Amino acid sequence: MSNLDDFTDFDPDDEDEDDGADAGTSEEGAAGSSGPTAVESGAEADSPVDDGSADDAFESVGVTPRGADHGLGVVSATEGLRISEDGDETELRAYVTVSNRSAVRIGTYLLVSYPDGERLFCRITALEYAQEFRADDATEIHARRAMRQDGIDEQDFKFVATLEPVAVLYEDDGDLRRRMTDRVPKPETPVREATDTGEIKTGLKIPDDGVFLGHLAVGGEKVRTAAEPPTIDYRLEDDYTDGDPLVFRHTLVAGGTGSGKTHTAKNVLRQYLAEDRTYPVEDGARDVSPCLVMFDPQDEYAQLHDDNPDLNDEFRRRLEMEGVAYGGIDDTTAFVPKVAGASYASSDHRAEQVEFTVPFSMVYDNPWLIAGSSLNGNQYNALKQLLNRFRRQHGDGGTYQQFTSFMDDPALKEELDETGRVHEATFDAVKRRALGFGGVFDQDARPITDQIHEFVRPGGVSVVPTYHINDSRSTTTVVLALASLLVDQKLSNDPIYPRIEETPVILGLDEAHNFLAQADSVQGEQVIGKFTEAAKQGRKERLGLFLITQDPQDIAEPVFKQINSTVVLNLGDEDAISAVNIPANLEQKVPYMEKGQMVVYSPDNSDPVELVGLSKCLTNHE
């Protein structure tokens, strides 16, 4: 080992003194022999001679840069700068300055200006740190030194954001418009955060008016602007300017238990029942408010009748400022199905309650209502033959009890078998499946077909609660009977009930997967076919489906394909998330969204976006 004694005894002050003495002697000698003093060289006699003791001997130099920083950073061309029709080949990155880095998030909307005033609207898709200087920070010394510091020196690193171009914004006769991305910005162009409501709405193609859903968000936080209110409202198109209102092109709300889907659904449905919301009917001769018919398996939607006592004055003012309808709907009625062995008693709402029964005559047009389980093609045809024969004998007033007695006739069975119309085994199979509906049809209440004028009311809400019905088969029969009644009348060229034909109807179906699931039976095919046709013709007939489910993957594909607007709240099931078919960048957020956060995918309305719903329900919600 080397001997370091001499090195440890080293005193830098001693060396400085020695050097100074030597230097002074040397400099004095040099000065004395080769040049005059400062005074002798022409300096003013009364000017003080600087002896090196003053701190302000030299003029200070300003280091503050001219101008001010604008934006978050600049467009970087270090690794290329390209806009391409193929999104995978697009290269657009921005260097973010040190002071702005903590505020930048994935999903943040940005603007990059072109020299002629047009702007590139884009969003951040990735954030990356890179080393400013070549160094190996994966070492023990470097790591331990960093662990003892309060933070890092941001200037030692580059912070780069990868940008996805969304649209080019431009002015057209004073109006802000958007077009597809067709030009590349110049290098070192400042990049700024989009904070203007008009620019953001135009960039994302969000309508200014329509049905309110929530506020635009990024990463669960509302996007803030400099306007008042500072949030950006998201709305669904609701007029005929650019096509049919989206309510008649159908909506799906999907969310797991506790995600807030009922809360969200109530708030959206409340907007459709706003006093000033009407739709033209009869070739535009008059405008009519829509009727909401809501099938309610959890007895929650009759609360649309009541105000929410938690809405304070400040919250109401905010709603009024943004044009959001709130408060209970007085014209709300609970139409309670009368089913044997089930009684309805609810203290959660103050809406009027009206009992009804399903008449057996509704089965004539929908034979699958009394198919207790799967029927094959031969069995279904046999059931239709039996119903037609029963109708000829008993007319439209025939009851279910009479039908079961009709099926018990052995002579009928023998006759049909001998004539080759219905095989006896087929007859027995149909009979077994048609039994067990005595508690549903023809109960001691007024038939729903006699209450159509009250059931479908412009501007009214008709809620059909089924929570009190314990038998799932009875529940399905009641819901499908009433839903089919509305659909058939809407699609009919010669409707029996003009009230249904002349009134815009929103058909709300909670737990829709229980009624519109994929099926391999004949009656299942009939149900899916009926609702698929209703979905296709809805825009023309003023019929909108509003489906609510926690299992979107179970809804039949022919119906699902007709859904235009999808509202996705928190979902934990991978199959459910895949089924809603939203863009991958939003799909990965779904399992982590908090209550009230949602993704809206409505291609005919806007780009896919993330929203935060209202923290309070606009009507009562217990």
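Trainee: Before we look at rings, what makes two of them pair?
Mentor: Rings of Phe, Tyr and Trp pair if their centres lie within 6.5 Å. Keep in mind that this is a predicted model.

Trainee: How many aromatic pairs does a search of the whole structure find?
Mentor: The search finds 15.

Trainee: Give me one. How are Phe 248 and Tyr 279 arranged?
Mentor: Edge-to-face. The centres are 5.0 Å apart, with 70° between the planes. Over 60 degrees counts as edge-to-face.

Trainee: And where do those two lie?
Mentor: Phe 248 is in the loop between strands S10 and S11, and Tyr 279 is in strand S12, so the pair ties together parts 31 residues apart in sequence.

Trainee: Next, what about Phe 360 and Phe 403?
Mentor: That pair is tilted: 5.3 Å centre to centre, 35° between the planes. It links distant parts of the chain, 43 residues apart. Phe 360 sits in the loop between strand S16 and helix H7, while Phe 403 belongs to helix H8. Both residues are buried.

Trainee: Switching to charges. What sits over the ring of Tyr 170?
Mentor: The charged end of Arg 179, 5.3 Å from the ring centre.

Trainee: And over Phe 315?
Mentor: Lys 616 places its charged end over that ring, 5.3 Å from the centre.

Definitions and conventions:
Residues numbered from 1 in each chain as written. Predicted model: local features only at pLDDT ≥ 70, side-chain atom pairs only at ≥ 80, totals over all residues. Heavy atoms only, no water. Phe/Tyr/Trp six-rings, centres within 6.5 Å; stacked < 30°, edge-to-face > 60°. Helix = DSSP H or I, 4+ residues; strand = E, 2+ residues; numbered from the N terminus. Buried < 20%, exposed > 50% of the residue type's maximum accessible area, 1.4 Å probe, protein only. Lys NZ or Arg CZ within 6 Å of the ring centre and 35° of its normal.
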